[in-house]
Amino acid sequence: MVDIKFIARKCSVSTATVSRVLNHSKPVRPETEKKVLEAVKKYNYLPNSSARCLSGKKSNLLGFLLDNNINQYQLHLFREINTCSSKAGYDCIIRYCDSSFENKLAALKELEWRGIQVIFTMFLLDPEEENYIKEHTRLHICNMQTPEIGLDLAANNQRAVYHGVNYLIEKGHTKIGAIFYDDHIDGSFLTAREIGFRKALEHKEIAVQEKYICYVKNEVKREKISKLMEKLILPYDYPTAIFCCSDEIAIETMLWLMKHGYVVPEYISVIGFDGIDMGEMLTPALTTIGQPIRYQAKQIVQNMIRLAGENYNFPKETDEGYRLIVRESTDVVNLK
């Protein structure tokens with residue numbers, strides 16, 4: 001019989017050590033942790049928490065898989081998720097991973113060993129990755145765009161960016177640039193932001209100038225944004241406004257512009273997306289599209305609980321929705 005004593009014998013450690021590895025209750029030496037986890041995989045050991053889960057007993061655990069390069073918006077969202085989970089009587093178990101599928105799968109397997117049925121990923125998986133996970137685990141994987149979570153994220157993002165770009169057009173801007181994430185997943189909310197941008201210009205019969213549009217991959221790093229800005233902003237040929245698909249990109253964009261003598265918003269207006277606190281602390285303060293983070297967190301938690309076969313509803317309150325937060329980084333176009 002494969003039980004905790006069996007795993008302990010195979011690894012030449014105590015049952016307490018195996019328990020610490022699986023429950024992350026106390027620090028364990030990396031080499032010992034690796035040995036225990038390899039044995040658990042090899043002998044297909046199912047910890048008691050998993051066994052309880054499979055037998056139909058309730059597990060008050062919600063799993064979350066976060067990217068090592070988590071951004072400020074995601075951190076804020078997870079703080080709200082953690083608060084909502086506690087109110088509902090659930091604990092959040094977090095694992096981090098890099099972009100490799102092997103690393104993601106290992107983290108998911110570890111959460112499964114903890115007896116967690118429903119796991120929320122703070123990033124989107126490729127369809128091939130989702131199919132593999134469905135075939136090789138008992139997990140229910142969800143994310144911001146999973147229909148059962150009920151956020152209608154792509155449509156809301158497209159609509160929000162459309163209104164944000166319209167605001168720039170109303171300020172007299174027609175040479176509007178943008179920095180987007182180089183997203184390769186069809187139908188994603190990141191792709192929807194670019195669609196909203198292009199539709200806003202198209203509906204006002206303003207030509208989209210591709211030379212003013214750039215793409216950044218993965219995490220936001222200063223050197224990456226600097227290289228993009230060197231291509232985007234040329235002497236005597238640059239946009240009068242830039243839409244950035246996240247506040248972190250917008251902040252780096254503003255810092256670059258001010259460093260190189262382009263006064264914001266006198267020369268170039270900048271607008272971001274997310275509504276993180278840092279944007280308000282800048283000088284000038286960042287105009288942005290704020291996300292309804294508290295509402296999103298409640299939707300995520302109560303629908304994860306529902307996917308786990310239980311039921312919990314937070315008190316209904318008005319969804320403030322996505323909102324344009326006008327601050328100092330945008331103004332009427334300067335034609336001088």
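Analyst: The answers below set values for this predicted model against the definitions behind them.

User: What does the protein come to in secondary structure, and what span does its C-alpha trace have?

Analyst: There are 13 helices and 10 strands. Along the principal axes, the C-alpha trace spans about 80 × 45 × 35 Å. Of the 336 residues, 49% count as buried.

User: What makes a residue count as buried?

Analyst: Its relative accessible area is under 20%. Val118, Ile119, Phe120 and Thr121 in strand 3 (residues 118–121) are all buried.

User: What makes both faces of strand 3 covered?

Analyst: In a regular strand the side chains alternate between the two faces of the sheet. In strand 3, Val118 and Phe120 are on one side, Ile119 and Thr121 are on the other, and all of them are buried. Both faces are therefore covered, given that buried means under 20% relative accessible area.

User: How do you know that strand 3 pairs with strand 1 and with strand 4?

Analyst: Pairing requires at least two bridges between two strands. Strand 1 (residues 61–67) and strand 3 have three bridges, in the parallel sense, and Gly63 has Ile119 as its bridge partner in strand 3. Strand 3 and strand 4 (residues 140–142) are also joined by three bridges and run parallel. There, Val118 has His140 as its bridge partner in strand 4. From strand 3 the chain passes through helix 7 (residues 127–136) to reach strand 4, in a β-α-β crossover that is right-handed.

User: Why is that crossover called right-handed?

Analyst: It is called so because, with the strands pointing away from the viewer, the path from the first strand over the helix to the second runs clockwise. Here that path goes from strand 3 over helix 7 to strand 4.

User: How do you know that the span of helix 11 agrees with its number of residues?

Analyst: Helix 11 (residues 247–259) has 13 residues, so at 1.5 Å a residue it should span 18 Å; its end C-alpha atoms are 18 Å apart, which agrees. Its buried residues include Asp247, Ile251 and Trp256. Gly261, with a positive phi near 90°, follows the helix.

User: What makes up the lining of the largest pocket?

Analyst: The largest pocket holds about 1,000 Å³ of space and is lined by 37 residues, with Asp67, Phe123, Leu124, Leu190 and Asn218 nearest its centre. By class, these are 15 nonpolar, 11 polar and 11 charged residues. Helix 5 (72–87), helix 8 (153–170) and helix 9 (189–203) each supply at least two of the lining residues.

User: Which element gives the largest share of the lining of the second largest pocket?

Analyst: Helix 13 does, with six residues. This pocket has about 520 Å³ of space and a lining of 27 residues, divided into seven nonpolar, eight polar and 12 charged. Among those nearest its centre are Pro292, Arg294 and Glu317.

Key. Residues are numbered from 1 along each chain as its sequence is written. This is a predicted model: local features need pLDDT of at least 70, side-chain atom pairs count only at pLDDT 80 or more; totals for chains, interfaces and linings use all residues. Side-chain values use heavy atoms; hydrogens and water are left out. Buried means under 20% relative accessible area, exposed over 50%, partly exposed in between (1.4 Å probe, protein chains only). Helices (H or I, at least four residues) and strands (E, at least two) are DSSP runs, numbered from the N terminus. On a 1 Å grid over the protein atoms alone, a cavity is a set of points where a 1.4 Å probe fits but cannot get out, and a pocket is an open set with protein on both sides within 12 Å along at least five of seven lines; lining residues have an atom within 4 Å of a point. Grid points are joined across faces, edges and corners, and a volume is the space filled by probe spheres set on the points. Ala, Val, Leu, Ile, Met, Phe, Trp, Tyr, Cys and Pro count as nonpolar, Asp, Glu, Lys and Arg as charged, and the others, Gly among them, as polar. The expected span of a helix is 1.5 Å times one less than its number of residues.
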